[in-house]
Amino acid sequence: MENSVGFIGGGRIVRIFLEGLSRAGETLDGIVVSDTNADVLSRLANAHPQIRVVTNDNKQAATCEMVVLAIHPPVLGGVLSEIAPSLQPSSIVLSLAPKFTIPRLVNSLGGFDRIARMIPNAPSIINAGFNPIAFSPALSEHDKSRILNLVSPLGECPVVRDEDLEAYAIITAMGPTYFWFQWAELLKIAVNCGLSETDAKTGITNMIIGAVKTLFESGMTKDEVFDLIPVKPLEEDESTITSIYNKKLIPLYEKLRS
């Protein structure tokens with residue numbers, strides 16, 4: 001990992017990052033986190049005493065070798081203009097935000113183009129993330145290796161096109177939220193039906209893994225897979241559920257791409 005990493009923003013994704021890196025045995029020395037919320041910074045510092053936290057001092061974080069933008073799109077524009085003068089010529093900026101494409105970031109940073117974008121997801125906290133990443137043409141292979149060395153302990157980091165990252169944002173980054181509450185409910189039902197919590201978790205985990213592999217890796221058509229199980233207790237609600245997906249996700253994608 002780079003000796004000097006500055007996180008601008010200290011919210012959920014930074015907590016996920018730091019916990020994932022810590023679980024992977026990575027040193028957190030040389031990490032600086034800036035945030036406007038002193039309580040957020042205090043919690044991070046208590047959990048990871050090796051890091052240094054600074055309250056509302058983005059310029060200090062921006063002087064690091066690697067600058068990670070971990071803030072939401074509505075406030076990102078203002079932060080970019082603020083930190084642009086503090087970036088070093090050899091610095092690399094890694095943005096974790098959707099909506100701001102690499103060309104838009106370059107423009108907002110006054111022409112600074114040593115930029116990468118990544119869309120991380122929550123399982124990175126246990127090193128099981130799927131974090132697609134895109135690189136600016138200005139980055140050398142060595143630069144790309146430096147970035148991947150930082151983020152690869154979090155999980156898989158496939159290199160993708162910059163223009164695909166907003167699709168990944170709604171599918172892989174937000175995707176767990178579409179299922180976690182359902183799996184939690186299945187666990188509760190399983191226990192109510194007499195299974196131990198341990199056995200229920202094992203059964204649900206293996207069911208999910210096997211079901212995904214059957215749909216995507218069996219070579220069967222979607223209809224052939226759907227026909228494997230004759231009893232479908234939720235069948236009459238499937239159209240409602242799929243309509244919710246389309247009603248919610250397509251407009252969100254269009255908003256991120258606008």
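The model is predicted, so local features need pLDDT of at least 70 and side-chain atom pairs count only at pLDDT 80 or more, while totals for chains, interfaces and linings use all residues. Residues are numbered from 1 along each chain as its sequence is written, and side-chain values use heavy atoms, with hydrogens and water left out.

Some totals next. The protein chain has 11 helices and 9 strands; these are DSSP runs numbered from the N terminus, helices being H or I with at least four residues and strands E with at least two. The C-alpha trace spans about 65 × 40 × 30 Å along its principal axes. The accessible surface is about 14200 Å², and carbon and sulfur atoms hold 56% of that; the areas come from the Shrake-Rupley method with a 1.4 Å probe, and for residues only the protein chains shown count as cover. Of the 258 residues, 40% count as buried. Buried means under 20% relative accessible area, exposed means over 50%, and partly exposed is in between, with a 1.4 Å probe and protein chains only. Among contacts with a separation of 6 or more, 62% join residues 24 or more positions apart; a contact is heavy atoms within 4.5 Å.

Now the sheet. What is the order of its strands? This open sheet of 7 strands runs β3-β2-β1-β4-β5-β6-β8, with mixed pairing. The edge strands, each pairing on one side only, are β3 (52-55) and β8 (133-135). Neighbouring strands are turned by 20 degrees against each other on average, direction ignored. Two strands pair if DSSP finds at least two bridges between them.

Take β2, residues 31-35. This strand pairs with β3 in the parallel sense over 4 bridges, and V32 has R52 as its bridge partner in β3. β1 and β2 also pair in the parallel sense over 4 bridges. There, F7 has V33 as its bridge partner, and V5 stands opposite I31.

Is β2 mostly covered or mostly open? Mostly covered: 5 of its 5 residues are buried. I31, V33 and D35 point one way, V32 and S34 the other. In β1, V5 and F7 point one way and G6 and I8 the other, and all are buried.

Helix α4 (residues 73-83) lies across β1 (5-8), β4 (66-69) and β5 (92-95), at about 160 degrees to β4. Axes here are lines fitted to C-alpha atoms, for helices over the stretch in contact, and angles run from 0 to 180 degrees between N-to-C directions.

S90 sits in the loop between α4 and β5. Neighbours within four places in sequence aside, S90 is in contact with E65, R114 and R146. From S90 to V75 is 15 residues in sequence and 25 Å in space, C-alpha to C-alpha.

I250 is in helix α11 (residues 238-257). Why does I250 count as partly exposed? Because its relative accessible area is 40%. I250 and I171 are 79 residues apart along the chain, with their C-alpha atoms separated by 11 Å.
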